[in-house]
Amino acid sequence: MAAEENGDGSGQGERKEPPTLEQRFYRKLRLFAAPVLDGEAYYMKLQAKGYEELVVEAIGGEEYSIAHYYDQNGDSMRDPEITFTIDQENKSIHPASFLQNGIGVYYETADAAPAMVRDLKGFMVQWFTNIKNQKFEPVKIKRYEQEEENGMER
């Protein structure tokens, strides 16, 4: 019987479960977007030399977005955008949709084939790692208290 089950509180014999993929997403995203994940900010723009700007933002309800942006013929294009929900209790991220404007791809994970969702999660692992390795740094953060001070200006 594990120590915890014996009630001695020593912690010996306990096994810590490895983090789920969704918990690893949360940890990776937290490295560069903690203010949004913690609910302190609703918008962050990050930049790294030689790369498209990156935006992480709360987009309504319990949904968030991470996207690279570029301009094409005067339009703001997402390359790509992933929307997701955050489970704060379990510190995990769950993808909700994928959009890539330039090639006209959009799908919601609730309606997608399991293989597409699996591929998206694999992409997220690599993308979040790349963002960290490419040294993206915040250049603009819009915090909730600033919105109140500025009379809801954007």
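How many helices and strands are there in the chain? There are 4 helices and 7 strands, where helices (H or I, at least four residues) and strands (E, at least two) are DSSP runs numbered from the N terminus. This is a predicted model, in which local features need pLDDT of at least 70 and side-chain atom pairs count only at pLDDT 80 or more, while totals for chains, interfaces and linings use all residues. Residues are numbered from 1 along each chain as its sequence is written, and side-chain values use heavy atoms, with hydrogens and water left out.

**The whole chain**

Colour the chain by secondary structure and follow it from the N terminus: the elements run α-α-β-β-β-β-β-β-α-β-α. Of the 154 residues, 34% count as buried. Here buried means under 20% relative accessible area, exposed means over 50%, and partly exposed lies in between (1.4 Å probe, protein chains only). Among contacts (heavy atoms within 4.5 Å) between residues at least 6 apart in sequence, 43% join residues at least 24 apart.

**The sheet**

Select the strands. They form an open sheet of 7 strands in the order S6-S5-S4-S3-S2-S1-S7, with antiparallel pairing; two strands pair if DSSP finds at least two bridges between them. Which strands are the edge strands? They are S6 (105-108) and S7 (137-143), each of which pairs on one side only. From one strand to the next the twist averages 25°, with axes taken as lines fitted to C-alpha atoms (for helices, over the stretch in contact) and angles running from 0 to 180 degrees between N-to-C directions.

Zoom in on S6. Its antiparallel pairing with S5 spans 4 bridges, and Val-105 in S6 is the bridge partner of Gln-100.

Move to S1, where 6 of the 7 residues are buried. Towards S7, S1 is joined by 6 bridges in the antiparallel sense, and Tyr-43 stands opposite Lys-142 in S7. Towards S2, the antiparallel pairing has 4 bridges, and Met-44 stands opposite Val-56. S1 and S2 also form a hairpin with 5 residues between them, and Gly-50 in its turn has a positive phi of about 90°.

**The nonpolar cores**

Select Leu-29, Phe-32, Leu-54, Ile-66, Ile-93, Phe-128 and Ile-131: these have the most contacts inside the largest nonpolar core, which has 29 residues. A nonpolar core is a set of buried Ala, Val, Leu, Ile, Met, Phe, Trp, Tyr and Cys residues joined through side-chain atoms within 4.5 Å. The elements that give two or more residues to this core include helix H2 (21-37), strand S3 (63-72), strand S5 (92-100) and helix H3 (114-133). H2 gives the most, with 7 residues. A second, separate core of 5 residues includes Tyr-42, Tyr-43, Val-55 and Tyr-69.

Centre the view on Leu-54. Leaving out residues up to four places away in sequence, Leu-54 touches residues among them Phe-32, Met-44, Ile-66, Trp-127, Ile-131 and Phe-136.

Then select Ala-33 in helix H2. Is Ala-33 buried or exposed? Ala-33 counts as buried because its relative accessible area is 0%. Beyond its neighbours within four places in sequence, Ala-33 is in contact with Met-44 and Val-56. The C-alpha atoms of Ala-33 and Met-44 are separated by 7.3 Å, at 11 residues apart along the chain.

**Backbone exceptions**

Most residues other than glycine have a negative phi, and most peptide bonds are trans.

- Asp-79 and Pro-80: a cis peptide bond joins them, with omega about -10°; Pro-80 lies in strand S4.
- Lys-91: phi is positive, near 50°, in the loop between S4 and S5. At 40% relative accessibility, Lys-91 counts as partly exposed.
- Lys-135: phi is positive, about 60°, in the loop between H3 and S7. At 60% relative accessibility, Lys-135 counts as exposed.
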